[in-house]
Amino acid sequence: MALYDTIGRGYGQRRRQDPRIAAHVFRALAGASSVVNVGAGTGSYEPRDRRLVAVEPSRVMIRQRDAGAAPAVQASASRLPFRDESFDASLAVLTVHHWSDQARGLLELRRAARRRVVILTYDPSFRGFWLTDYFPEILEVDSRIMPPLSELRRQLGRFDVFDVPIPHDCTDGFLGAYWRRPAEYLRAEIRLAISSFAKLRNLEAGLDALRRDLASGEWQRRYGTLLEREAIDLGYRLVVA
Ligand SMILES: C[S@@+](CC[C@H](N)C(=O)[O-])C[C@H]1O[C@@H](n2cnc3c(N)ncnc32)[C@H](O)[C@@H]1O
């Protein structure tokens with residue numbers, strides 16, 4: 001059973017396209033008239049103006065795609081059911097870290113694409129997000145599952161990397177989305193849409209500390225200057241190979 005058959009329920013309500021992040025993805029896909037979106041989930045970053053096929057292993061996620069979304073094939077990145085170079089571009093958004101065989105999946109992205117591979121991911125060497133002061137285990141979990149850029153380079157060859165700053169009112173509820181809305185992390189329904197929280201053993205200690213610091217004004221004292229920022233870099237990267 002695919003992991004997201006368990007943790008993906010309700011995903012579509014909290015994990016919706018952020019138009020500013022989508023603009024980065026769509027720019028990277030410029031000129032590609034056919035795209036395969038691997039680990040597509042509910043299809044948040046799929047351009048609607050070209051031929052697109054979604055690949056997604058979880059039925060629960062496929063069922064949450066809108067009626068007007070591109071067709072989805074239930075399959076894994078490890079074995080894309082397409083001939084070589086079937087699409088101009090392959091796309092993978094916030095998904096590579098979930099793949100059981102990342103090297104194989106990356107080779108498949110390359111094999112299926114004639115011209116370009118576009119990946120939105122997170123650089124596990126990034127430091128400086130305040131949330132990890134409360135949940136340091138996130139860094140440990142990320143270092144186990146997030147591919148370092150050097151590993152992506154090994155599999156994909158030469159590529160360009162673009163920073164993707166996260167807007168303060170990001171509409172896609174992933175881990176970094178609420179950096180300027182710290183109390184949101186205290187809400188169970190927000191955490192349910194963020195897979196990193198499902199992996200923490202020490203969740204309660206972090207929640208207690210955050211709750212306490214928000215109530216006492218300590219969070220505001222330490223991180224309050226962030227409240228003036230519109231968007232910040234949290235380590236999200238767009239890789240265009
Ligand atoms: C965080 S969601 C991202 C979904 C979508 N790309 C988005 O940006 O909203 C991660 C997705 O990766 C999918 N996934 C997990 N393992 C996979 C695999 N081996 N091959 C392809 N997709 C996989 C999950 O089922 C889930 O839909």
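User: Which exposed residues does the face of H7 turned away from its buried side carry?
Analyst: This is a predicted model, in which local features need pLDDT of at least 70 and side-chain atom pairs count only at pLDDT 80 or more, while totals for chains, interfaces and linings use all residues. Residues are numbered from 1 along each chain as its sequence is written, and side-chain values use heavy atoms, without hydrogens or water. With exposed meaning over 50% relative accessible area, buried under 20% and partly exposed in between (1.4 Å probe, protein chains only), the face of H7 turned away from its buried side carries Ser 143 and Arg 144.

User: Within what arc do the buried residues of H7 fall?
Analyst: Helix H7, residues 137-145, has Glu 137, Ile 138, Val 141, Asp 142 and Ile 145 as its buried residues; helices (H or I, at least four residues) and strands (E, at least two) are DSSP runs numbered from the N terminus. These buried residues line one face of the helix, because, seen down the axis of H7 (by directions from the axis to the C-beta atoms), they fall within an arc of 135°.

User: What covers the buried residues of H7?
Analyst: Contact here means heavy atoms within 4.5 Å. The cover of the buried residues of H7 includes H5, E5, helix H6 (131-134) and helix H10 (195-198).

User: Which elements do the buried residues of H8 pack against?
Analyst: In helix H8, residues 149-156, the buried residues are Leu 149, Leu 152, Gln 155 and Leu 156. Seen down the axis of H8, they fall within an arc of 120°, so they line one face of the helix, while Ser 150 and Arg 154 are exposed on the other side. The buried residues of H8 pack against helix H5 (102-112), strand E5 (113-122), strand E6 (160-163) and strand E9 (236-240).

User: Which residue follows H8, with a positive phi?
Analyst: Helix H8 spans residues 149-156. The residue that follows H8 has a positive phi, near 80°, and is Gly 157.

User: How many residues apart are Phe 135 and Phe 197?
Analyst: Rings of Phe, Tyr and Trp (its six-membered ring) pair if their centres lie within 6.5 Å, with planes under 30 degrees apart counting as stacked, over 60 as edge-to-face and the rest as tilted. The rings of Phe 135 and Phe 197 have centres 5.4 Å apart and planes at 90°, so this pair is edge-to-face. The pair links distant parts of the chain, with Phe 135 in the loop between H6 and H7 and Phe 197 in helix H10, and their separation in residues is 62.
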